[in-house]
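Student: I would like to learn how to read single residues in a model. Please take me through some cases.

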Amino acid sequence: MSSSPDALPTSLLTPTPDAPRSRWLRRLAWSLAGLVLLLALLVAGTTFWLPGWLKTQAELKGQELLGTPVTLQTVELRPWALQARLQGLQVGPDADPLLRLDALDVQVAAESLWQLAPVVQQLTLQAPEVWLRRNAAGSAEGPFNFSPALQHLRDWQARQPPSPPPAPDAAPARFALHNIRLEGGALHYRDLPLDQRHEVSELRIGLPFLSNLPADVAIDVQPLLEARLDGSALRLSGQARPFADGRPAELALRWQALPLAPWASLLKAVLPPEQAVQLDSGSLDSDLTLAFEARPAPQPPRLQIRGEVALRDLKLASAPMGVQAAWQALKLQGLDLAPLEQHFHLKAVTLEGLDLALRRGTAPAGRTASAPPASAAPAAAASSSAAAASQAPLSARIDALHCSGCRITLRDETVSPAVSLGLEALDLQLQPLSNDLSQPIQLALTTGLSTALAGQKPVLGQVSVNGQVVPQPLSLQAALKLADIDLRVAQPYLAPHVNLLLAAARFGTDGRLDLALPPTPTQGAPGGPALHYRGKVELAGLRTQDSVNGADFLGWKSLALDGLDLRLKDGQLDADLGRIGLDGLTARLILHPDGHLNLADIVKRDQQAAPTSITTPQSAASAPGATTGTAPVAAPAASATSSAAPGSAASSPAPRLRWQAITLRDGAVHFSDTFIRPNYSARLTRLQGSVSALRSDNPQPADLKVAGALDDGAPLSIAGRLHPLGPQLYTDLEASARGIALTRMSTYAERWAGYAIEKGTLSVRLKYKIDQGRLEAENQLFLDQLTFGDRVDSPDATQLPVQLAVSLLKNRRGEIDLQLPVAGTLSDPQFSVGGIVWRLLLNLLEKALTAPFSLLFGDGGSEAAQVDFAAGATELDTAARDRLDGLAAKLEDRPALKLEVTGHADQVADGAALAAAQAASQAAANKAAPKPAGVASAVAPAPSASAAAAQEAARRVALQALADRRADQVMAYLSAKLPPERILITRSVVDGAPAPLADAASAAPSTASPGAGIRPSVQFKLK
């Protein structure tokens, strides 16, 4: 039988043992086909349907959360590549968006399946833009444009049920992110209150790897941040292991020429109005490395900042605080900061070209300093103390600080005129600086000190300080040099206290200063400051003026203390003033009508009172202390001062003072005495002198020599020895002045003597010795050609015979030579040298009236006022002629004097002598005549009354004639020695009561009548 070619073999149609295998294969094929179909449907769904659904859900959910429109252009999913892409994301309305994102690309790694955690292989954000806006105060939107969205999110979160707390042993979520990139980002910030805009552009962020998976923990991640802030480049790069133990990270921050002025509005936003700062320009450069690492408790996290920072070309101002500042560069070099550990270290701080202007003015009206609430202060102090206790100890150090080419100016407008001080070309170096205030700081400062008052040209001085300073307790050891420092700027500060103007003064010094202040009571026992200065000090060009009329008051060319050595320790002052030189002294002294010097008016008694002239004589009514209200106040003050003086002297040791030499050159003093009327003025000029070395703790006195001239004519000299610094004043001085014009002192003569002086000169020689409080002085006055003028009415003038006293004292050459010794104890409050001298002068005048011959002849001159005669005699004996010779010599030396001669006869003594002589003559006559017989010695009969009267008249005539003859004898004797016209004979005088005639013959010839007081003599009187 033949078979058909298409027929199948029987073996194929019959089931075989391999049939189950075929069925399993068919089922597998169908399963695979179904899976592929399912995957195809899934891919188709995720590719075409799911993106649209995700887009819609994202917009709805975003608006629900934020309360603002959220739009998304497209969502692309590529499941076969495990990629997703979002495009055109926007948050916020089109007119005022908050966020825009061009694209977000995400690629997931396949290893997410076996890691059982998301592993992102790549994440890229393209051109994200953020808009931030700060609104004006009171805006309905809130302080920022994102405030409504933020508040809406908070409200939504508040409506959600609370989430269950995580389990204590729950592990953190595991993830891994690779190749994170942000490209072309931007941030737009607008500040409406300050009308400021800031832009962050070209923002680029790179994060190659970020993971907490165990396999990737040890892999370093190198982040990158680049951007432009308002056009300035910013770069931040580094490395981090954020999920390792401690999460160490290290970032590099680099800025180049970042402009700061656009960001100044942020300062205005946070600072109060009274501290507002206007930043005009400035740029920031930085090259910093920031390292962070968390550490186990209780150690704080570690944050370390290293590198350099520079602020360049900065200009800022704060009008409320009166500050303007600018500099070329401020460099912080070698930063090593760990702020969380209280560690701050800088190798160098350099400030170049600083120009700082400060203004001190009165505070605006209505603005007062606010004090913190009383209750808050203790709490703040307690919290700060607790925080300080929990923090690590502070360690701060700057190795070196250098300010070069700097300028600092201060204008003080609180005084008038305004004061300007400036430090020009300042170069300051300090090293090192630290929070350990007990460590020394090396100091080097050189600068020019500019000083000026408003309307004046600035004057530049020089300042140099080199040494070291310890802040606590404060001590300074430095070489100090100042030159040409103009002190006129002190005038506005002195004006409320003094009545003078500081018209000119330059200060300079060159020496070394050691200063140490005592520690505070909490650090040690309190004590006084310790100071030691060695060097030279000079105050040159001093000129002070009257603040009322601008007249010169006190000044000098130079006052120099060369070799000054000043020490102050434990309240003990030890000062060696060195060699003192005073050149060109000029001074104006005035004695006012109330007896006080103008020096007492330098300091104002009342700061609010009008200025008082110190160069204009005052009237008696306007002189200080003239009113009755001043005396009661001054007395208690004086008593209080005197009572306080012993206590203060006992509490502080006496200073130890000394000098090596004092030299005075070209001095002049103008003195005016308005205490008298009319006024007296004199000038001491060409003053030259020297004082040798002296010590307060050495009794050896110093030698003094001073020479000058009075009114440029009369030479003046002072020489001797003195010791004004000892426990008691010691002087042994001799002063002399020659040829002083007496006409300049006429005002004194007019007031006290009642006569003006027409001419004459005065020369004085004074010797004053003070030892152990005892004064012994000699005042020799030599007046030449003193001539009084007309009488002057003065209520203070003496009524004594001034003209006679001058005539008595003046010799034939017109000279008066007076010796006025003075002695007394200075401790006696009643002792006054001037008072003693004045009393001596008054005694001279009294002698002229009461005992002119004592004034003329000295102590024994009282006997020269008469020439005695024997009773009844008219002849001059030897003693009388000697006395007349001495009188003639005195009168010859004083041609201005005239002598009045008055003969005197005594009725008792001379009468008895004449009667005895007559009786003797009568007896002789009777003896010669024959006597009647039987008459022996009969008693003569008593005369009759008429005969007695005749005898008495004859006796008086005889006595008068006797007195006349005596005067004639003196006149004749003196006429041979003196011009007769200088001798005037006055009417003779018969003194005493007559004795009875019966007793006249028996009276002793030389016995004067009881109580007569005048012997037979010739009396003299000077005219």
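Predicted model: local features only at pLDDT ≥ 70, side-chain atom pairs only at ≥ 80, totals over all residues.

Tutor: Residues are numbered from 1 along each chain as its sequence is written, and side-chain values use heavy atoms, with hydrogens and water left out.

Student: Is Leu 346 buried or exposed?

Tutor: Buried means under 20% relative accessible area, exposed over 50%, and partly exposed in between (1.4 Å probe, protein chains only). Leu 346 has a relative accessible area of 12%, so Leu 346 is buried.

Student: Which residues is Leu 346 in contact with, beyond its neighbours within four places in sequence?

Tutor: Contact means heavy atoms within 4.5 Å. The residues in contact with Leu 346, leaving aside those neighbours, include Leu 332, Gly 334, Arg 397 and Ile 398. Ile 398 is 52 residues apart from Leu 346 along the chain, with 4.7 Å separating their C-alpha atoms.

Student: Where is Thr 874 placed?

Tutor: Helices (H or I, at least four residues) and strands (E, at least two) are DSSP runs, numbered from the N terminus. Thr 874 is in the loop between strand E39 (866-868) and helix H13 (878-892). Thr 874 is buried because its relative accessible area is 15%.

Student: What about Leu 38, buried or exposed?

Tutor: Leu 38 lies in helix H2 (residues 19-66). Its relative accessibility is 52%, so Leu 38 counts as exposed.
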